[in-house]
Structures are given as C-alpha cells and as structure tokens.
Amino acid sequence: MSPRDFDRFAWHLSEELSILNAAMQSLASSSSRAAAEDEDAGALREYPVLAAVDTVVFPRLAAPLFIGREMSRRALEVAQDEDIPLLVLAQRDANTENPGFKDLYSIGTEITVGRVLRMPDGTQSLFCHGEHRVEVVEVIYERPYLRVRGRRLVEAGEPQADTPAMMRAALALYEKVIDLNQNIPEEALVAAMNLEEPGWLSDLVVSTLGISVAKRQSVLEIVDPIERLRVLGILLAEELDVLELENQIHEQVQQQMDRSQREYFLREQIRAIQEELGEGDEFDRDVSELRERVVNSAMSDEAKQKAEKELGRMAAMPAMAPDIAIIRTYLEWLLDLPWGEPEPDTIDLKHTEAVLDAHHYGLEKAKERIVEHVAVRKLAPVKMRTPILCFVGPPGTGKTSLGKSIAEALGRKFVRVSLGGVRDEAEIRGHRRTYIGALPGRIIQTMRTAGVVNPVFMLDEVDKLGFDFRGDPSAALLEVLDPEQNHAFSDHYLDVTYDLSHVFFIATANNPYAIPPALLDRMEMIEFPGYSNIEKCLIAAKFIIPRLLTEHGLDNVGMQFGESSISHIIQNYTYEAGVRNLERELANICRKAARRVAEGKKPRRRITPANVHLFLGPHRYLPTRIEDADAVGVATSLAWTEAGGDLMPVEVIIMPGKGSLMLTGQLGEVMQESAQAALSYARAHAADYGFADFDFEKFDIHIHVPEGAIPKDGPSAGITLATALISALTNRPVDRRVGMTGEITLRGRVLPIGGLKEKLLTAHRGGLKLVIIPERNEKDLVDIPRPVKRALDIKLVSHIDEVLALALLEPVIPGGSEAPAKPRRSRKPKANGGAPAAGAAEPANVPAT
C-alpha cells in the first residue's frame, strides 16, 4: 500500500468511527424508520449511480468515497441539483476505466451526501452515509452518466432462539481478529458490542474486515439478517485462520532475526577477545591458510591468478556473508585438484606382459597395443602423446578389468566413470557457479579423486550416452578425448583451463555404431570378440575357479572342476559371448559347497556333468543345434548378436496364390530388401536352375525366420535367403551341416560381412561341418582360433552359384529315388588355405537380436 492510499484509508477509518456514535444515537429511531421503509419498499425510484472501486458501502454506516472520473462527477452534480439520493454500486473489475452497467453489481446502497472536499490532485472526497439496500430494476441511460431505476430492499426475517448465541459467537471471533489485526481500532469492537440488531452488526463487522470486494458484496446482497449473521461467522473464522498464520510466520521471522543479531553480537565479542589475546580471528586464519596453500600450490598461472582474485573478494567480505561458503568451496576445488608433473610410469616390458597375462587370457590385440605404448615411452618419454583407446565388444569379455590391469602394469592409479544414461552436458563440463549447488563435471571430480595428473581414466559405456534439451554430453567429450584440445580442457565451474593431456583415457562400448562418428574418430578402437567354448573353459580353469575357491574359503577342501563339467555348464547354463554369467554359475556352486562345509557336512569334491544339476538345477538354455534332417527350403544362416552369435534357420514354402511374397519373423528393412533381391535373382535365372516353367503369378512365396519375437536385420543373410528360395523352387534339399553368411547382389555376387569371428564360433558350437563365407572376408580368418579353423571346413565364395553347389543336394523325386540336376553355371569354390589377405574388412551390418 502506498503512503497516499494509507492516508486515505486512515482518514476513511477515522471518519467512519466518528459517525458510529451518531449512528448509535439514532438507534432509538430505527423502528420508526423501518416502518417507513415498509410503506414504500416496492416503489421505484430513479438514482444517479456512482461506480465505487474497491469499496462496498453498507446501510446505516458512514464511508468516504473518492470521485475522479467525469461520469461520477456528473452523477454527483445531478443528485445535488435535483436533491435526490445517489446509488453506489461496486465495480466488478477495479481495472475498468469507464464502466457500464454490466461492469457493476446490480445491488448497491442508497446514500446521502454529508460533505464534499476537493483534493489537491483534482479528485473529490465525498463523505456519505448509507441508507438502504437498493436493487437495480432498469437502466435509464449510461451516458453522460449512469442513471437507473431501482427499488429498496427491506430486511426480512424474524429473530430466532439461537440469534443471541450467534451474535455473541460473532463478537468473540471479532475480538480475536482485532487482537491480531492492528489496522482495526478497538473502538470498532465497542461499537459492535452496543448493537442489538444482527443485520446491523453483520454490516458493521464486514465493513471493517480486510476481505475482498466480492465477499463484501455477497454480504450486502443478503437481505435476511439472520442468514447474514451466519455468513459473518464463516468470514470471521476464515479471517482468523489467516491472521493466526501470518502472526505465526511473523513470530518465526522475528525469532530468526533475534537469533542472527544475537549470534552477530556474540561473534563480535569473541573477535574482540581473540584480538586482545593475540589469537586473531578464525575467518582471518582461514583466509591466511587458503592464501598459503595457493602460494605453495603447483597450479597453473591462470588458475593461481583466479584463486588470488577470489581470495581477495573473500577477504573483503564480512565473515557472515552468504558468498563466503561459495568462494571457499571453489577455492578448495582448485587446491584439491592434482597439478604439476605426472607420476613416473613403470617402463618395463616384461613386467607389463607378465601383469597382463596374469589377469587375462587371450586379448592379444589389446595386450600388444599396451606393450607397444610402453616400448615407445621407453624410447621417447617426452614426445609421445598418451593414447586414447576404445574397447568394443560384448558384455563380459574383460574390457573394464583389462583397464585395471593396464593401470597396474603401468604403475598408475585407476579411476572409472560410468556414462550410461548421462543426458546432461553439465555432467561432463560442470555447472556455472551462478547456480545454487553448482559442482564441477564428472571429469574434474574424478581427477580430484585420482589425486594425480596421469591416471588410467576409464569412460565406461560410452555408447550409452543420451542427449536431450539439456545438451549433448557426447559433444562435450570431444574436447576431453581430442589430444589437440584436452591440454586446455575448460570446465564451466572452474572457469580455468585444466590439462588432461597426461591422462590415459580408455573408453568401453558394446555397440560401436551407437557412438557418434566424430567421437569415434578421436579414439583408437580395439575389438574384444566373444570367446569360444574352448577359451571359456581355459579362462574358467586358469583364472575364475582358483579365485572363487579362495574367495569362498574352499582352498583346502580339494574341490575339482573337470573340463567336461565346465563345458557342460557353458553349454547348458550360459548364453553369452563373455564369461560373466559363467563366473556367476561357478560362484553359485562354490556357495553351496561352502554351506555344506560350514554345516559340518562332507562336500562334493568333484564336479561332473552328472551332478551339476544338483547345484544349478535343470538346464536353462538348450544348446545351439543344427536341423535334424536335410530339408527342402530350409537353410542355416550365421547371425551376429550382442551375446556373440547364433544359428538362424531360414524357411521358405511355396503355395498356390497370386504371386505375392510374404516375409515374417520381425525382419528389418535391410533384411526384407535382401529377400527381395534374392527373389529377383532367382526369377531372373529360373532357366539356369531348371524351373523356367514355374509360374510365379499363380503361387505365393512365404519366407519365415523363426523366433519371431526377436527383431532381425542386416544384409548378411542374403545368400541364405537365396539358397532356401532356390531350394524350394527346385525341390533340392539343403545340407543341414552347412552354414553360410554373406550379402547377395542382383547379379549374384557375394559381398563381405562383419562379425565373422562370432559367427564362426557359433558354427563351431552348433556342430556345423562346412561354413560358407564371402571370399573378401578371407583376411578376417587370422583372428579365428586355430581349434575352430581345424574343426570347420571354411569355403570362400564370390558368387551364389558356388554357394548352391556346396549347399544343395540332389533333388527329391516321389518314390524315393534321386535324379541328378546340375545348374548350368558352376564355379568352383575356393577352399580355406594359404596366407590370409591383408587389409581391413569392409563394415557391414549383420542380423541382430
């Protein structure tokens, strides 16, 4: 409320109280006036109208009105000239400048004007007295002023037995309200206690309450005084609740202010005592300690200059200033970060090889890369840049654990940050200090945890970064993982550059295609292929089982896991490319054996395939199997999955129809296009394969890939689709022991694919004898384990004719005999032999599950 409004309110209140006495004196004559009202209650009268803003005038009460609008002044002049009363109607919306009748309430108060004063600002102050409630019946005209015709409303309703009790209850509530509201004078309570009419009491009390115009108007419109008294009780109870809450909040604020003033006074006393004793102030000691740490710190010149500037700001502030804690936290972050020279590495090739071999089996590429790094560090320790590696492979293949082994081999500290599900760029770069609770990003937080400038820093699950309206965290990682930029990494919270060039960054991912190309380009990718069953057996026997026996206290029990039992667990209780679930199942066996030992029982010391089910229950997975018999229209494809690989049969049947091609089994767009290409090739070369008379317009072809709940996509099933299709068209069965993978073109060429190692490991586990792969994938055979290559007959092909010659058997003729049928084209497939070709495999998508 402005001072001007407050003065008007005070004047209004004083004037109202001044006429309360006069009103009380006229109480004796109220009965005669009521009789007069009853006589002319139904008569219609004309009234000039005053539109009141934020004011409701009640009968038998005085009130000041302020007139500033032209139409209101005209109405007042007309009333004075014609010697007729005015009608005051409350305005619905206080912001309406020139209200019409629709902007006013229809029930108001007839007033008599006491005196009129002209104010310095040009407005008029009108002191009036309410006489009667009036209901507007008709609008005569609205311009140049509002003139209406209305009738007076006579109060109806007889006093009831509970009326005195209701009046006393209202007065009691009113007294409590006055105690809590300093704006209502005590004289108002005295006046209310001397009123005996319930209607008059209600009008007086409501006129003094600080409630809205709508609530006051609702009371004015109630003609029955008893009902008005009931509404008054509700309004007083609501006002009392609000006032009590305000008083409670005021007391809490006052107590807090008193406590703060008391603490300030006591702290000033402590400060004066410490100065007398020569001990100094605690705040000054903190500033001096921080300044000494900044001087002795090895931080960069830029960071030291920033720290000294913040220290100057901190020293100039009062000890109780709220920004002190923010500045102190910022300085502690700067001082706790590692600065200066990196810790020396362990430059020992034999030690590095020994540590890596002691903890991991296989992974020759990753181990070789680390040993090469150590060798270069030995020859050029200063000039060499720290590599940034990305380990890509299925879960459980040892990516994270190899990072720990690298840190141990190099003699560095190992730290790890999981980036899975991170969607906010501030998680990497931090928040600016303008935000409450701001902190550095995860990179700086982890560097403080490491305590050295050259840790082995693992960014786990980098392929699972997300992005939304808060930013793209993968874009923020571009600066972190770029050797040309990370020597001056900028965190939003620190606001100074930080050197990350000495950090050995290692990222891990399961799916390289989910990593943004710009981020993948900054890293050296090392693939972690899945393990074969033979490799899993060796890993379990050499690494996992000895560690589990030690962890479960079974070193001296003499438990033995045979190779056959480990292989049995791998095939029937796990389905993965790594060894994580295998370790979990072996730990399950160890726990059950440890329980028997703890109970004093004799454990089973030898685990065999026959008693594995006693520990692990029935088989969880059915081993991958080939078809039971050679069949027409059924070929076996090799698929890559995140768990390694799988055998994927493709089924084709031909039935009477309208020449349509049906594809089922949740096939993706690429795989559907491969099926279309295979069909187009078969139709184009129908004469070459002996089904030139087949009418494609009268038969439907249905291609289905089983396990329809699993999505499948990729081009590598192209030759399998073509083989199954041509098998169904020529009635020649497909050898069930043959598996194949390769993309097909419309000219029948076989293009290279990806994931060859996982596919050949799956073929080996599934019992296939012959595997057909693209000729251009010959270079990838160098990564295949020797036992797998010895067990499989791997054929390299470049055209679909070579595939058909290897996979299709003689046609089946009713009656049990077979008739020779040879394709007109014939190309001799190239057997697996000789040195593999050099070069990198062309990237290609493969069926995924």
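Modeller: Of the contacts in the protein chain with a separation of 6 or more, 75% are accounted for by residues 24 or more positions apart. Contact here means heavy atoms within 4.5 Å. This is a predicted model, in which local features need pLDDT of at least 70 and side-chain atom pairs count only at pLDDT 80 or more, while totals for chains, interfaces and linings use all residues. Residues are numbered from 1 along each chain as its sequence is written, and side-chain values use heavy atoms, with hydrogens and water left out.

Biologist: How many helices and strands does the protein chain have?

Modeller: The protein chain has 27 helices and 27 strands. These are DSSP runs numbered from the N terminus (helices: H or I, at least four residues; strands: E, at least two).

Biologist: Why are helix 12 and helix 14 called roughly antiparallel?

Modeller: Helix 12 (residues 349-359) and helix 14 (residues 399-410) pack at an angle of about 150 degrees, and their axes are 9 Å apart. Axes are lines fitted to C-alpha atoms, for helices over the stretch in contact, and angles run from 0 to 180 degrees between N-to-C directions. An angle under 35 degrees counts as roughly parallel, over 145 as roughly antiparallel, 65 to 115 as roughly perpendicular, and the rest as oblique. Helix 12 and helix 14 are therefore roughly antiparallel to each other.

Biologist: Which residues of helix 12 and helix 14 meet?

Modeller: From helix 12, His-351, Thr-352, Val-355, Leu-356 and His-359 meet Leu-402, Ser-405, Ile-406, Glu-408 and Ala-409 of helix 14. By class, this contact of helix 12 with helix 14 has 5 nonpolar, 4 polar and 1 charged residues. Ala, Val, Leu, Ile, Met, Phe, Trp, Tyr, Cys and Pro count as nonpolar, Asp, Glu, Lys and Arg as charged, and the others, Gly among them, as polar.

Biologist: What makes Leu-548 a buried residue?

Modeller: Leu-548 is in helix 19 (residues 533-551). Buried means under 20% relative accessible area, exposed over 50%, and partly exposed in between (1.4 Å probe, protein chains only). Leu-548 counts as buried because its relative accessibility is 3%. Not counting residues up to four places away in sequence, Leu-548 touches Glu-583, Leu-586, Ala-587 and Cys-590. The C-alpha atoms of Leu-548 and Ala-587 are separated by 6.4 Å, although these residues are 39 residues apart along the chain.

Biologist: Which residues touch the most other members of the largest nonpolar core?

Modeller: A nonpolar core is a set of buried Ala, Val, Leu, Ile, Met, Phe, Trp, Tyr and Cys residues joined through side-chain atoms within 4.5 Å. Of the 56 residues in the largest one, Phe-457, Leu-459, Val-462, Leu-477, Val-480, Leu-500 and Phe-505 touch the most other members. The largest share of this core, 7 residues, comes from helix 11 (residues 323-336). Apart from it lies another core, of 45 residues, including Phe-561 and Ala-587.

Biologist: Why is Arg-60 called buried, and why is Glu-707 called exposed?

Modeller: Arg-60 is buried because its relative accessible area is 12%, whereas Glu-707 counts as exposed because its relative accessibility is 51%.
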